[in-house]
Amino acid sequence: MTTTAPATRTSSSAVAGARRFAGTVSPSSSTLTPLDATEIHLTDGFWAEKQALNADVVLRHCEDWMERIGWTGNFDRAAAGLGDPGTPWEHSGIEFVDSEVYKLLEGMAWELGREREPALQARYDALVDRVAAAQEDDGYLHTSFGRAWQRPRWSDLEWGHELYSMGHLLQAVVAAERTGASPRLVEVGRRLAEHLWSVFGPEGRVAICGHPEVEVALAELGRALDEPRWVELARLFVERRGHGLLGQIEYGSEYFQDDVPVRDADVLRGHAVRALYLAAGALDVAVETRDDELADAVRRQWEATVAARTYVTGGMGSHHQDEAFGADHELPPDRAYSETCAGIASTMLSWRLLLADGDARYADLIERTLLNVVLASPREDGRAFFYTNTLHQRTEGVEPDEDELNARALSSLRAPWFEVSCCPTNVARTLASVEQYFATRTADGVQLHQYGSYDVDTVLDDGTPVALSVTSGYPLDGRVAVTWRGDVDREVELALRVPSWADGSAVTVALPGEEAGEAQGPTIVVRRRFSAGDVVVLDLPTTAEWVRPDARIDAVRGQVAVQRGPLVLALESTDLPSGTVNDVLVDTTVDPVTTPAGARVELSRSRTPAGGWPYGRSTATADPLGSVELVPYATWGNRGPSTMRVWLPVDDLEA
């Protein structure tokens, strides 16, 4: 009845001519072919609600804040000064705030690709016009450099973020091209890419940007516009890194990933967002140039990073000082940086690896990261965000001023906007296109990687139409029903991912006309000639379970976490009768009890005599607190200031 699917290689180019649209990633050749915004639609439930909140609130929130504090106005001032470049004007924000406007444009374009809502289209077009007006005659476009009173162009490649910002513009251009949202923005992107080719191409300057991002953007632009020069420029940037082209800084050249060539590195290191963007771009280059050695290097780095440098939530980055990966197993919960943007970049990388290899492990990490890092960032009303994602909040902190800028990592609760506000706009563009991570196709059928409620309407390479509806209360409810909405005139495959957190013996699948049976393996493949009305039901256990850390993760040795299906749970002081979470103990002899929204565990509070030397023979005792609710980690902090922890010390005071 069920088998584990062998990977087969198909080409997305076979149907490219028949489709106007494409998704965020569209490799010329891949094991799995991504679906685009015309082929998959969220219909109801958890993910549809998140995407609707993004469309209705988050995009407008980002737009309004950038207008209010002058980041969008930088383009107006730059455009007005094109005829009189010697007249100074004051630039608002740090040097890379252009990129936030570009991420907003990208998110708007993906929303317009789903529905041509007239008001959104008008706002989008107006913003495109303002950006386009600031482009210089030779194609250069940046509001922080190049004018008489500003730093010269390309004079600060370590910290200036020129290429980084332009990379985000090119990703917005890809979205505009693939959704048909703005031919004008596409033309802006063409001119900018030509400029970059002339400055940094084979005959140009041998240099790189301190913040990788242009690599992944150029590779996708080359795919979208069918221009191999842009892929070649991405390749040049990837190959130049690791040769000391950037200056030395206190964090070391690994901060910029400029210490070791990409193809020689064994693990992701340095600044987490930089490292992950670079790895995603390197894999795109490897796929387009058929460079197996480079692709294997990225796979090797992913493997090592997931095994020893990733939090239980999927978060990456354990250093606040340099926003960087720590050493292997250096994963302190209370100092977790786990930047939201790093979670998004990790998802981008895992998605590219999934398309290339078809390995369900990549989809597992996407699920974990989306549900426990990316969705932890936006407040439930969509008007405030976490920049970093600690796993242990020791003090309640204070609610931020809703009308003021906040320091990026200092807010103890979600803040409406930051001086460095890369995360809100990154969340916006991710939620606007999140369904594109959910399913793929091959010549043989359709693969479902993420669960929720959505429709798939696609055409296989031989012209066979596939129409199905997925319904589920995921992630809290593990029942997934797949209903075929049309007859299929030949045998096709339906592949269903079995998440790594699910106990294989408890996973069942029911086929049309058959009793449910146990399912084994990371992927269930059902092959048959489906008829309209056929239903395949996958049941995944979402009961709460203990999670124990690798003993080499010193910071959480002797502690446990609780996971309910794909959701990591957290204890908030809001749910305690009194006090903080800092001195609680958990009784692991009593299994967690699954509740509608989380789980309950038996807790006590450690009581130690006040004062004195805090080491030596323990005199602590435990006062029972009883059964206490744990909530999904991504929801913490929505009920006001609180202390919080994911890892709970085990009660061993009687030992």
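# Helix pairs and a nonpolar core

Modeller: Let's start with α7 and α8: V214, E215, L218, A219, L221, G222 and L225 in α7 meet W230, V231, L233, A234, F237 and V238 in α8. By class, that contact has 11 nonpolar, 1 polar and 1 charged residues. Keep in mind that this is a predicted model.

Biologist: OK, and at what angle do α7 and α8 pack?

Modeller: About 160°, with the axes 7 Å apart; α7 covers residues 214-225 and α8 covers 228-240. Angles over 145 degrees count as roughly antiparallel, so α7 is roughly antiparallel to α8.

Biologist: Is the crossing of α7 and α8 left-handed or right-handed?

Modeller: Left-handed.

Biologist: What does W197 touch, leaving out neighbours within four places in sequence?

Modeller: W197 is in contact with P202, R229, W230, E232 and L233. W230 and L233 also turn up among the α8 residues that meet α7. W197 itself lies in helix α6, residues 183-200.

Biologist: Switching topic. How do α11 and α12 pack?

Modeller: Helix α11 (residues 340-357) packs on helix α12 (residues 360-372) at about 160°, and their axes are 8 Å apart. That angle makes α11 roughly antiparallel to α12. Their crossing is left-handed. The contact of α11 with α12 has 8 nonpolar, 5 polar and 1 charged residues.

Biologist: Which residues meet there, between α11 and α12?

Modeller: From α11, G343, S346, T347, S350, W351, L353, L354 and D357; from α12, Y362, A363, L365, I366, T369 and L370.

Biologist: Now the core. How many residues are in the largest nonpolar one?

Modeller: It has 200 residues, and those with the most contacts inside it are Y124, L185, L196, L448, V482 and V646. Helix α9 (residues 272-289) gives the largest share of this core, 13 residues.

Biologist: Take Y124. What does Y124 touch, not counting residues up to four places away in sequence?

Modeller: L105, M108, A109, L112, A176, A181, S182 and L185. L185 is also one of the core residues with the most contacts.

Biologist: Last one: which residues of α2 are buried, and what do they pack against?

Modeller: In helix α2 (residues 73-80), G73, N74, F75 and A78 are buried. They pack against α3 (98-114) and α4 (118-133).

Technical notes: Residues numbered from 1 in each chain as written. Predicted model: local features only at pLDDT ≥ 70, side-chain atom pairs only at ≥ 80, totals over all residues. Heavy atoms only, no water. Axes fitted to C-alpha atoms, helices over the stretch in contact; angles between N-to-C directions. Helix = DSSP H or I, 4+ residues; strand = E, 2+ residues; numbered from the N terminus. Parallel < 35°, antiparallel > 145°, perpendicular 65-115°, else oblique. Left-handed = near helix turned anticlockwise from the far one by under 90°. Contact = heavy atoms within 4.5 Å. Nonpolar A, V, L, I, M, F, W, Y, C, P; charged D, E, K, R; others polar. Core = buried A, V, L, I, M, F, W, Y, C linked by side-chain atoms within 4.5 Å. Buried < 20%, exposed > 50% of the residue type's maximum accessible area, 1.4 Å probe, protein only.
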